[in-house]
Amino acid sequence: MTGRMPGRGLCRGLVLAVAAIVLTGCAGLPQDGTVQRVEVEDELAGSTARYQPVPPAPGASPQQVVRGYLDAMLAYPVSRAVASEYLTPAAAEQWRPSGPMEVYADPSVVAVAGSPDVVRLERFVEATLDEQGRRTTREQTVGTELRLDRVDGEWRIADPPPALLVTERFAEDYLRPFTIHFFDEQARALVPELVHLVVGETLPTALVSSLARGPDADSSLRTFVPDVADLRPSVTIGPDGVAEVEFTGGMEEQSPVDQQRASAQLVWTLRQIEGVTAVRFLGATALRMPGGDTVQRVDAWGRYEPDSPTGSPWVLAEDALREVVDLALGPVESDLGGATAAVVRDDLVASVVSEGTDVLIGALGADGESVPAEEVRDLSWGPTGELALLDAPGGQARLRTWRAGEVVDADTSAVGDLRSVRLSPEGARYVGLVDGVLVVGAVLRGDGRRTVALAAPEVIDLDLSALGSPTWTSSTRVAFLARTELGRQVHSVNVDGSDLRGGLRGGAALLPDVDSRILVSRIDDGRAWVLDARGRVWTRAAGGAWTQLDGGPVSFLAPPG
């Protein structure tokens, strides 16, 4: 049985799946913007911000009823009980707090002239969300006319908005980023997808429910986890740290390999919760390890993890290729005589000749083969051993990939005039610059996991200028350079456009005003390096300050290989 392909139309972007979750703790977003393990019990023990809204007051006007309804949707823990009291019986029966969500600010509730039973609600919608936790930035003013009916002499809302409406403060206090894991087209690698969920005691159920709803309908990702309709209502965590998951069906016809893939998706999704040490699968369709055990440790299924480089970056200094060692430049590894750029992966180096008309590929210190190119814009190694070469013959962007002596042209017609491109750690996405704007999209692969095309991207709309040097800091977050009043600084943002940090927004140390040109980073520990206009290299550990390296001047900086 093949993996279940996505078949449900979902809103694009990342969304908040909160309504079915019991809110039990108040906490802000993680300071580095990355996905973190969350300790559920600590959130429970530290909760002091519970909120129980009041029901409608007798004789309340239509405007007061609508204002009360908005307040009731901020119940903490989330509950539909009080909010439903503001609705007519028919509307209350249809209302689903576990459905879509809006995050809003600046609400305005006014009567509609000549219509005593109609109230207009205007608000600035910062983001819209669906039941899985995927988020889409909106940033627009929205107006909705709500009709009210008399019920036992009291005004009640007859047509509420088809979403749970929460304030920006609510979202900031109670939501966290997590990842649910699907497989790439070839079912070879796990691909994380960012969701935002409310912390609390039902977080395990929310994570598994989000995963079981499958990938976005427009996605090329695959899932082997049964549908959410087959999930037992509650995912529990025992005192031994073992999370228990039960599906009532959906796996009977799966091959053992596909069942193991489903196991990997579930284990990797649940292991983000602090204290979870293993996952046990219950019921007649229990998923089992190859040895027959239904309990699977959270460190299982490592073979699906991306192989990200863990070494140091490389530089070109006086035509020589050198590796960064601690806070200095290491010895000469290869003389590249006039190269303008070079990137290293394992024992292979690809360098751009001074005229920009060829890329030479070969082992360190040895002659290699030549790949024709024109006006090289970007050069990088991908996670599947491909070299991605972005050039511009005739001024038009072209992406070519090289692997084991074979060159393949990838279709980028859906993207536009790419100026830079980087593949994510697992190779399922790309980040690039088009017309000075940051974009993220899917990588389409063919036989042998070769890149054959880049799908149409989503724009990450940022109020920043002079963007450059985008790079991945995790599978769901990218960093880049952008101009500020204090010079060109390092920024980072989630792939759904949320949690922008860096520069004057804070969240990371500032560089001196050195006219930064190139940024590279390392996935495993968050360390970053920057090359400035004077050929100096600066480095910063995660959460640390920037330090200038000894040696130079440097003409090019390449990521760890």
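Biologist: Which residue of β33 does H491 stand opposite?

Modeller: In this predicted model, H491 stands opposite G502 in β33.

Biologist: What makes β32 and β33 a pair?

Modeller: Bridges. Pairing needs at least two bridges between the strands. Strand β32, residues 487-494, and β33 have two, in the antiparallel sense. Therefore they count as paired.

Biologist: Why is β33 called an edge strand?

Modeller: Because β33 (501-502) pairs on one side only. The other edge strand is β30 (465-474). The order is β30-β31-β32-β33, an open sheet with antiparallel pairing.

Biologist: How do you know whether helix α7 reaches its expected span?

Modeller: Count residues. α7, residues 256-270, has 15. The expected span is 1.5 Å times one less than that number. This gives 21 Å, and the first-to-last C-alpha distance is 21 Å, close to expectation.

Biologist: Why is α7 called mostly covered?

Modeller: Because twelve of its 15 residues are buried, which means under 20% relative accessible area. Among them are D258, R261, L266 and W268.

Biologist: What makes the largest nonpolar core one set?

Modeller: Side-chain atoms within 4.5 Å join its buried nonpolar residues. The set has 40 residues, and V208, V245 and F247 have the most contacts inside it. Elements that each supply at least two residues include α7, α6 (203-212) and β10 (242-246).

Biologist: Which residues belong to the other core?

Modeller: V82, Y86, L165 and V198 are among its 37 residues. That core lies apart from the largest one.

Terms used:
Residues numbered from 1 in each chain as written. Predicted model: local features only at pLDDT ≥ 70, side-chain atom pairs only at ≥ 80, totals over all residues. Heavy atoms only, no water. Helix = DSSP H or I, 4+ residues; strand = E, 2+ residues; numbered from the N terminus. Buried < 20%, exposed > 50% of the residue type's maximum accessible area, 1.4 Å probe, protein only.
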